[in-house]
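Subject: Structure for your review

Dear colleague,

I am passing on the structure below, and I would be grateful if you could read the notes that follow with the coordinates open beside them.

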Amino acid sequence: MSLVFDIALCALILGVAAMALLGRGLFASLAFFIVYGLLIALAWLSLNAIDVALAEAAIGAGVTGVLLIGAWQALNAQSALDPDPVAHWITRVFAGLGCLAIGGLLALAILAMPGGTGLTTEVIDTQGQLDLGNSVTAVLLGFRAYDTLLESIVLLAALVAVWSLTPQGLWGGIPGPRHRTRPDGVMASFGRLLPPAGLIAGVYLVWAGSDAPGGAFQAGTVLAAAWILAVLAGLQDEPEVTSPLLRAALLIGPALFLLVGAVGAGFGGFLAYPEGFEKPVILAIEYALALSIAATLALLVAGPPRRPGGAR
Amino acid sequence: MTLIEILASACLAVGVFFFFAGTVGLLRFPDVHSRLHALTKADNLGLAFIVLGAGIHFGDVMIAAKLALVWFLAVFAAGAAAQLVARAALRTGDEP
Amino acid sequence: MTPSLLYALTGAGLIALGLYGFVTRSHLIRRVLAFNVIGSGVFLVFGALGHEGGITDPVPQALIITGIVVALSLTAFAAAMIARYAEDGGGGLDPDAEDAG
Amino acid sequence: MDDVFLLAALGILVSIAGALFRAWRGPTRADRMMSAQLIGTGGVGVAILLAAGRDAPAMLDVALVFALLAAFAALAFVKTATPDGAGDPEADDTEAQDREPAP
């Protein structure tokens, strides 16, 4: 039965991806893509990769959809959506053959792979040293902390890149439009009720993340979603991009991570955690990272400044 | 099969039935507003029965509380989304 | 057919499909969609191959979470560029028409 | 017993496939968005059923995140129906509320 479910899910994923990429109508493609993110999260769930499923559920099914609808809206507002060209049939034939070849070669390579669970046993055997019950968190913040540190910096770099698209004269302004809602309407009520729930869920995910599925990225995404929702519902405005408080929130995670890394250099290597204090240090990094990731993601979705700031 | 298992299975069957009913409504109803009306109610009822079935299966109060929270959030989101999408559909008319 | 193999092959299918979409549909938003589909296909191949006996290797899982966030950063940057492009007049998104002008 | 849960999950996948037809067919954007919304509810159901079928309560957190973010895309979508993309379809002008939908 399990395999039948998996086969149905895979068929659905491939079908939805084809509709999103090749179907008619851009808006329909976006709707299919939102569904696609959800189905991919279910695929990870079925593979028992709950940590990945959480990240994909929050990012793929939530935040990416909002980003793309925003881009669609910007094009639609300028009546720049059309045309949506399809390549010449000769291109399509050759592209189809080439992609079939690539897919086939990949499939052959996959079939030739030896089985096995890779490093699972090694991670489970050694994660006790870090006093962490969640193997994925142990890898993210223990064994491959370099990746995670650099990734938090990639996120910041992406935000700098987005901010570099600020129109002339608006630097220091506020991202996105000021949202309006009917004060007693459905949207305002929704925006009042959901963010607190999101806040609790986000804190829960980072708290649970050391021993159960969850962690800084999943929590940060849920927190960012709560922030974005409050802004969409008009309850709260985005901060000015030069706000010192905002800058502090953006930097605290990577800064703490770098600091721990630098201190660790004294203990025998960059990012070597002080012995006996591994877990408190990892938890501190996790909480700080969750906050920074939340702020960075929320502002990434908001885009570059669009309005002049307030009193300056 | 124990009584608990039969009860859980019955809940699941009813739940899946309502999901199908919602999809049939989405496919068969004539205009956008009646389609909205069909699917939000049927699907959330279906989800309620699935939550019930899973709750019976786990038989744990904390898990049942989490399931109830999930259901509440899903209903809330679906209700708000249906209302807002209906308004948006009124506003833009029936453009594709 | 194990779940591991099934999902890895689905991932390969997604990569091929995404590449085809990337080449044949040149609209900017479709390119972003294709990039995301290719990305999730790569993740699926990577993660599913580390799956056996109901457990997925935590090392690929951690790297995939990193990858998902990096893909999101890129998507956000692309979306911001599309929005700016539209605000600056944009015009037709058909690259062939642009070249001719 | 676990198979019963997976069978139910399969049933919901089939109903999702049905809803996809409406997302493809349209005809209005609201139809497509509501199909995605309905599939979101279905996704919550499948996540719960997988958690029960595999006896992994931790999977319920994924259902929780789905449910939290279920209306996220729909909210962004309804914003696009307002003139500058920043309003509330319930507010702004009353004229839209009195207007009949176009045939």
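In H1(B), the buried residues are B:Ala8, B:Cys11, B:Leu12, B:Gly15, B:Val16, B:Phe18, B:Phe19, B:Gly22, B:Thr23, B:Gly25 and B:Leu26, where a residue is buried if 20 or more other C-beta atoms, placed from the backbone, lie within 10 Å of its own, exposed if 12 or fewer do, and partly exposed in between. Helices here are DSSP runs of H or I with at least four residues, strands are runs of E with at least two, and both are numbered from the N terminus. The cover over the buried residues of H1(B) includes helix H2 (32–58) of chain B, together with helix H1 (2–25) and H2 of chain D. Helix H1 of chain B runs over residues 3–28, and its 26 residues should span 38 Å at 1.5 Å a residue, which agrees with the 37 Å between its end C-alpha atoms; the expected span is 1.5 Å times one less than the number of residues.

Please keep in mind that this is a predicted model, in which local features need pLDDT of at least 70 and side-chain atom pairs count only at pLDDT 80 or more, while totals for chains, interfaces and linings use all residues. Residues are numbered from 1 along each chain as its sequence is written, and chains are lettered from A and ligands numbered from 1 in the order in which they are written. For chain A the mean pLDDT, the predictor's confidence in each residue on a scale from 0 to 100, is 86, and 97% of its residues reach 70 or more. Within chain A, confidence is highest in H1(A), at a mean of 93, and lowest in H5(A), at 78.

Turning to the chain contacts, two residues are in contact if their C-beta atoms, placed from the backbone, lie within 7 Å. Four pairs of chains touch, and the pair with the most contacts is A and C. There, 79 residues of chain A meet 71 residues of chain C, and H3(A) gives the largest share of the chain A side, with 14 residues. That side of chain A consists of 54 nonpolar, 17 polar and eight charged residues, counting Ala, Val, Leu, Ile, Met, Phe, Trp, Tyr, Cys and Pro as nonpolar, Asp, Glu, Lys and Arg as charged, and the others, Gly among them, as polar. By contrast, no contact joins chain B and chain C, whose closest C-alpha atoms lie 18 Å apart, and chain C does not touch chain D either, with the nearest C-alpha atoms 10 Å apart.

Chain C itself has four helices and two strands, arranged along the sequence as α-α-β-β-α-α. It has 101 residues, of which 67% count as buried, and among its contacts with a separation of 6 or more, 59% are between residues 24 or more positions apart.

Chain A is assigned domain 1 (1–84) and domain 2 (119–312), with bounds that come from an automatic or database domain assignment. The centres of the two domains, taken over C-alpha atoms, are 23 Å apart, and their contact involves ten residues from domain 1 and 13 residues from domain 2. On the domain 1 side, eight of these residues are nonpolar, one is polar and one is charged.

Helix H8 of chain A (residues 186–208) has 23 residues and reaches 32 Å from first to last C-alpha, close to the expected 33 Å; its buried residues include A:Phe190, A:Leu194 and A:Leu205.

A:Asn48, in the loop between H2 and H3 of chain A, is not a glycine but has a positive phi of about 65°, and A:Asn48 counts as buried because it has 21 C-beta neighbours inside 10 Å. D:Asp55, in the loop between helix H2 (29–53) and helix H3 (60–68) of chain D, is likewise not a glycine and has a positive phi of about 55°, but D:Asp55 counts as exposed, with 12 C-beta neighbours inside 10 Å.

With best wishes
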